[in-house]
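Biologist: Please put the sequence and the model side by side, and then take me through how the parts are packed.

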Amino acid sequence: MRKNLFSVCLFLFPLSIAAQTDNIHEQSDGYEWPTDTLVVHNLRQWQDLKFGVLLHWGLYAVPGIVESWSICDEPWIRRDTTRTYQQYLDWYWGLAEDFRPTRFDATQWATVCRDAGMRYMIFTTKHHDGFCMFDSRETNFSIARHAFKDDPRRDVLRHVFDAYRAEGFTIGAYFSKPDWHSQYYWWDVYAKKGRNVNYPVEQYPWRWQQFKLFTHRQMEEILSRYGRVDILWLDGGWVWPGRYGQDIDMPAVARMARSHQPGLIIVDRTIRGPYENYQTPERTIPERQLSYPWESCIPLTDDWGYTPAAHYKSAHQVIATLIEIVAKGGNMVLGVGPTPEGLINDEATERLREIGQWLKANGEAVYATVITPHYHEGDTWFTASKDGRRRYAIYCPSDDAPMPTQLSWSVNLPSRRLTLLSTGKRLKHSIDGQGRVIVTLPKGLTTQPIAIRIE
C-alpha cells in the first residue's frame, strides 16, 4: 500500500531535472596517450567500431525516473514535496524489493543491438546509488540478493556479457566510482553533501581507506569473474584527489585491472591523464576534428535509463549525429534503457532497427574509416578508407527536407567515379568551371542520409 500511494505522489509530483546541463560531464582539456602498446593497439581497434550502446539499467527503471540522481540533494533536483528526504530515500532503497525483471532477456538486447549495427557495448554494473547489477560478495545491495534472488538469471551481468559476446561485441563495464549506498562514502553520521563524500576524509582516513578497498574489490570482481572485458568505463568524475581528497588510487586500480585483463581500455571520465584512454563528451559533439580517441555519449531518448512516455530521437537524427561524429574522428555510444521487466521495448527496437537497416547498406562509409582534412561542406560530411584509396561523401538532409535532385561539393573530388552505396550503382557527375563536382541523384530516394563512394 505504501508503494502504491507513493507511486501516485510521483505521478502528481514527478521528479524533474531543472537543468540537464548541471548533470553533464564536461570534456577533458587535452589528452595523454597511454604508454602500454597493447592498450594503444586495442584503442585503435575500438576506434574502428564507431557505434556502440550504453545500457543503463537499475533500481531507477522500476518507477521510470532519471537514473539514481533523485536521491542526490543538489539544487537542480526537483522531488515530490509531500515527502521528507529520508522518506524518499527509504522508498528508493526499498525498490530493491520491487525490482523483479521476470522477462529479462539479454539475448533479446544483444540481437536488437546487433541488428542496429552496433559493435560494442557498455553495461551499468553499478550506478551512483550503489545497487549492483552483479552478484557482488562485497555488499548485499545487489539484484542477486533481493526480489530477483531466486531467479536463475539473478547474476544479471553474467547473462548480459555472455549474450553480447555471442554476437561478437566488444565488452565494456560501466562502474560508478562514488557509491551513495555505502557507509564508507555517505556516512549516516553526517548530512548529505551533494554528490560527493559527505564526511571530512582528512579526519577519517581509515573510513576512506575502507571505501577504497571496497571499490577496488568490486572492480576486481567484475574483471576476474565474468570473462573477457575490453573496456572499464568509470563514471563519477568528481571522485578524484583534488575534490575533497577523494583519491581512490587509480594507479593501483589500473595495475589490478590489467593483471586480469591485459590491454584493458580504462576510461576514467573527465580526469585527464594516463587513465582516461578516451574522452567522453556527453550529449555533445566536439566543434572540430580531434586527433585522439573520443566517444560522444548520446541517449536515444531525453534520459539514459527507461522512462515511461519517453520522447525518442528519430532514426534519421541518430544517423545524422553518428555521421558527424565519425567525420570528426569519434565514436558514438547510444544510450538505451531496458524496461523494469527486462526488455528493450518496441519503440526503441523500431528506432534501432531503422538505424541498422541504414548501416547495413551504407556502413562502408562509417566502420573502420578515418578522418579526411576536408571533412564537412554544407550538409555533406566526408570520411576516408584507411588505405586512402576511397573517400566517402555522406549527405544528411534535415528531417523534413525533400531530397534534392543534385548534390555539389568542392573538396574530395572524384578522379574516376562515384557510387551510391545503398544500390551499388554509379552516379552521373561532372566538374563545373569553379572546380565543384555536380552529382545527379536518382529518383525515388528517401529522405534518409545517403552515402557515396568517391574514387
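This is a predicted model: local features need pLDDT of at least 70, side-chain atom pairs count only at pLDDT 80 or more; totals for chains, interfaces and linings use all residues.

Biologist: Are Trp57 and Phe104 buried or exposed?

Modeller: Residues are numbered from 1 along each chain as its sequence is written. Buried means under 20% relative accessible area, exposed over 50% and partly exposed in between, with a 1.4 Å probe and protein chains only. Judged in this way, Trp57 and Phe104 are both buried.

Biologist: How many aromatic pairs does a search of the whole structure find?

Modeller: Rings of Phe, Tyr and Trp (its six-membered ring) pair if their centres lie within 6.5 Å, and planes under 30 degrees apart count as stacked, over 60 as edge-to-face and the rest as tilted. With that rule, the number of aromatic pairs found in the whole structure is 34.

Biologist: What kind of pair do Trp57 and Phe104 make?

Modeller: The distance between the ring centres of Trp57 and Phe104 is 5.4 Å, and with their planes at 25° the pair is therefore stacked.

Biologist: Which parts does that pair tie together, and how many residues apart are they in sequence?

Modeller: Trp57 lies in the loop between strand 2 (51-55) and strand 3 (77-78), whereas Phe104 lies in the loop between helix 3 (85-94) and helix 4 (106-115). The pair therefore ties together parts whose separation in sequence is 47 residues.

Biologist: Which residue has its charged end over the ring of Tyr88?

Modeller: Tyr88 is a member of one aromatic cluster that also includes Trp57 and Phe104. A charge sits over a ring if NZ of Lys or CZ of Arg is within 6 Å of the ring centre and within 35 degrees of the ring normal. The charged end over the ring of Tyr88, 5.5 Å from its centre, is that of Arg79.

Biologist: Which residues touch the most other members of the largest nonpolar core?

Modeller: A nonpolar core is a set of buried Ala, Val, Leu, Ile, Met, Phe, Trp, Tyr and Cys residues joined through side-chain atoms within 4.5 Å. The largest such core has 126 residues, and those touching the most other members are Met121, Phe123 and Tyr164.

Biologist: Which residue stands opposite Met121 in strand 5?

Modeller: Strand 4 is mostly covered, since seven of its seven residues are buried. Two strands pair if DSSP finds at least two bridges between them, and strand 4 pairs in the parallel sense with strand 2 over four bridges and with strand 5 (residues 170-176) over six bridges. Val53 stands opposite Met121 in strand 4, and the residue opposite Met121 in strand 5 is Ile171.

Definitions and conventions: Side-chain values use heavy atoms; hydrogens and water are left out. Helices (H or I, at least four residues) and strands (E, at least two) are DSSP runs, numbered from the N terminus.
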